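This note sets out some points for a colleague who is meeting the structure for the first time. Please keep the sequence and the model open while reading.

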Amino acid sequence: MSCLQTIQDYGLRSLGIGERLLPKSDFTLCEQFTLIGSGMIWNVYFGIMALATGFFLATALAVGKASANKWLRKPSEWFIFLFRGSPLFIQFFFAYFLFLSLKKSNPMFDAFTSAWLGALIVLFLNTAAYSGEIFYGALRSIPKGDIEAADAYGMSGWARFRRIVWPTMLRLAWPAYTNEAIFLFHATTLVFFSAFPAWQQRGDALYYASYFADKTFNPFIPYPILAFYFILLTLVIVGGFGLINKRLNRHLPVAKRAKMRFKLNLAR
């Protein structure tokens, strides 16, 4: 079988398109690259959807935690503490069995036991908590002069938040938020190794890499391929978020623009 035929057969297999059965023997390098790359579709899906939805909840959590009203501040503080204080893998585990219990009482929760929705909810809540803490720190770091200037122009309430507070918060938080985005995409590899099952062997990239490692007893080919794909994905994230960072800091002199610094996250 040619490599082109392999790509046609397995390129979209993680979505249920193409060959139903996985190769059983004589694994080629093309098959491993293709199937692991196919699984990356799910990792990208989880990462993009969790970031897109978690961003808005994170903003609300940051504003709530910075609020003087305890009825807004306390729920935000406890939400952030709960999801930042517990391991992501354990959150997957408890969420799956919670959704499984709800499914037994009401069939409408059937979709929640599937990874595409149930695991996405966990990632959404988790990244919202981490991002909320980042945004809260940025809110606390907004120069008082910016707020005073807004007051001098007669801005208050929503107008001041939309035109002064929120843009400044994003500008200050963006380098740290970029690190959170990178780690979130890496954390998506936990989905099919938590409680959420892979339906008909349609897993993510790590699922297929583990499959080849188990079948060939040689982890030194599939796992470096997996790392290669995630390195490429990280470069795309760094580039995309870097462009947004330049846009957020376009009004500042070059010497004063926030620099993108990335730190290794050893634990979640």
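1. The backbone oxygen of Phe55 lies 3.0 Å from a polar atom of the Thr59 side chain. A polar contact here is a pair of N or O atoms within 3.5 Å; within protein, one must be able to donate a hydrogen and the other to accept it, and residues adjacent in sequence count only if both atoms are side-chain atoms.

2. The model is predicted: local features need pLDDT of at least 70 and side-chain atom pairs count only at pLDDT 80 or more, while totals for chains, interfaces and linings use all residues. Residues are numbered from 1 along each chain as its sequence is written, and side-chain values use heavy atoms, with hydrogens and water left out.

3. Thr59 belongs to helix α2, residues 29-66; helices (H or I, at least four residues) and strands (E, at least two) are DSSP runs, numbered from the N terminus. Because its relative accessible area is 11%, Thr59 is buried; the term means under 20% relative accessible area, with a 1.4 Å probe and protein chains only. Leaving aside residues up to four places away in sequence, Thr59 touches Phe135, Phe161, Trp166 and Met169, where contact means heavy atoms within 4.5 Å.

4. How do α2 and α5 meet? The axes of α2 and helix α5 (residues 115-140) come within 5 Å and cross at roughly 40°, so α2 is oblique to α5. Axes are lines fitted to C-alpha atoms, for helices over the stretch in contact, and angles run from 0 to 180 degrees between N-to-C directions. Angles under 35 degrees count as roughly parallel, over 145 as roughly antiparallel, 65 to 115 as roughly perpendicular and the rest as oblique. By class, the contact of α2 with α5 has 25 nonpolar, six polar and two charged residues; Ala, Val, Leu, Ile, Met, Phe, Trp, Tyr, Cys and Pro count as nonpolar, Asp, Glu, Lys and Arg as charged, and the others, Gly among them, as polar.

5. Ile80 lies in helix α3, residues 70-85. With 2% relative accessibility, Ile80 counts as buried. Beyond residues up to four places away in sequence, Ile80 touches Leu61, Lys65, Gly85, Ala129, Gly132 and Glu133.

6. For the protein as a whole, there are nine helices and zero strands. Buried residues make up 41% of its 268 residues. Of the contacts between residues at least 6 apart in sequence, 74% join residues at least 24 apart.

Conventions. Buried means under 20% relative accessible area, exposed over 50%, partly exposed in between (1.4 Å probe, protein chains only).
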